Amino acid sequence: ICFDKTGTITKGHPEVQRFEVIGKQSVKTVLEIAQALESQSEHPLAQSVLDYCWAKKVKKVAVMSFKAVTGKGVSGKIRSKVYYLGSSIYLNSLKINLKPVQKLLDELHARGQTVLLVSDQRQVLGYFAVQDGVKESSRKAIELLKARGIKTLMMTGDHQEVAMAIAAEVGIDEVLAQVTPQQKT
């Protein structure tokens with residue numbers, strides 16, 4: 001049996017566990033950029049960033065030329081400069097230098113946290129570590145299926161390490177990670 005992770009295995013309400021600025025930008029500036037970009041996004045993780053920004057009383061700023069790349073991230077022009085927010089895969093595809101944050105990314109992914117990176121056209125400016133709690137019923141459901149000899153598979157758009165951590169927590173047999181919404185159908 002194949003399960004989608006978000007809302008099936010997990011609660012479907014991811015929350016920001018950690019936010020940090022990397023480099024010279026102020027916390028205020030990076031949060032304004034994130035809020036502006038995510039306010040245009042339809043991705044489920046966008047709401048967790050927006051909730052975080054709302055709790056911090058971040059001022060709204062305008063975004064122009066907004067673009068969403070399904071399952072990867074978003075971009076837009078804010079104050080005449082282009083910014084990106086999304087996965088490490090998305091930023092890597094844009095040739096953004098991830099070396100300064102690679103160790104941190106590996107560490108957070110191993111803990112089952114999804115990392116959303118905020119960058120300009122050259123470097124990472126900050127990140128959000130987001131996590132969605134596992135449903136209490138998930139472990140028991142997987143145990144019951146396994147007791148009947150049924151193999152379990154979890155599909156997710158998350159990074160491989162994040163998916164593996166969650167699968168291990170509930171006892172899922174196999175993982176398909178970094179799957180786009182179109183690939184899930």
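Two strands count as paired here if DSSP finds at least two bridges between them. Strands are DSSP runs of E with at least two residues, helices are runs of H or I with at least four, and both are numbered from the N terminus. The structure is a predicted model, so to speak: local features need pLDDT of at least 70, side-chain atom pairs count only at pLDDT 80 or more, and totals for chains, interfaces and linings use all residues. Residues are numbered from 1 along each chain as its sequence is written, and side-chain values use heavy atoms, with hydrogens and water left out.

Start with the six-stranded sheet. This sheet is open, pairs in the antiparallel sense and has the order β2-β7-β6-β5-β4-β3. At its edges sit β2 (15-21) and β3 (64-69), each pairing on one side only. From one strand to the next the twist averages 15°; angles run from 0 to 180 degrees between N-to-C directions, with axes fitted as lines to C-alpha atoms (for helices, over the stretch in contact).

Within that sheet, β4 (residues 73-78) and β5 (residues 81-86) are joined antiparallel by six bridges. The two strands make a hairpin with two residues between them, and R79 in the turn has a positive phi of about 50°. G73 has G86 of β5 as its bridge partner. On the β6 side, G86 is partnered with L117, while L85 stands opposite V118. Three bridges in total link β5 to β6 (residues 114-119), and these two strands run antiparallel.

The other sheet is parallel: three strands, open, in the order β1-β8-β9. Here β1 (2-4) and β9 (174-176) are the edge strands, each pairing on one side only. Neighbouring strands are turned by 25° against each other on average, with direction ignored. Strand β8 (residues 153-155) runs parallel to β9 and is joined to β9 by three bridges, with L153 and E174 as bridge partners.

Now the helices. The axes of α2 (residues 27-38) and α3 (residues 44-55) come within 9 Å and cross at roughly 135°. The pair is therefore oblique; under 35 degrees would count as roughly parallel, over 145 as roughly antiparallel, 65 to 115 as roughly perpendicular, and the rest is oblique. The crossing is left-handed, meaning that the near helix is turned anticlockwise from the far one by less than a right angle.

That leaves the pockets. A pocket is an open set of points on a 1 Å grid over the protein atoms alone where a 1.4 Å probe fits, with protein on both sides within 12 Å along at least five of seven lines; lining residues have an atom within 4 Å of a point. The largest pocket holds about 900 Å³, a volume being the space filled by probe spheres set on the points, which are joined across faces, edges and corners. It is lined by 46 residues, and H43, L45, G71, K72 and G157 are the closest to its centre. By class, 18 of the lining residues are nonpolar, 20 polar and eight charged. (Ala, Val, Leu, Ile, Met, Phe, Trp, Tyr, Cys and Pro count as nonpolar, Asp, Glu, Lys and Arg as charged, and the others, Gly among them, as polar.)

The second largest pocket has about 170 Å³.
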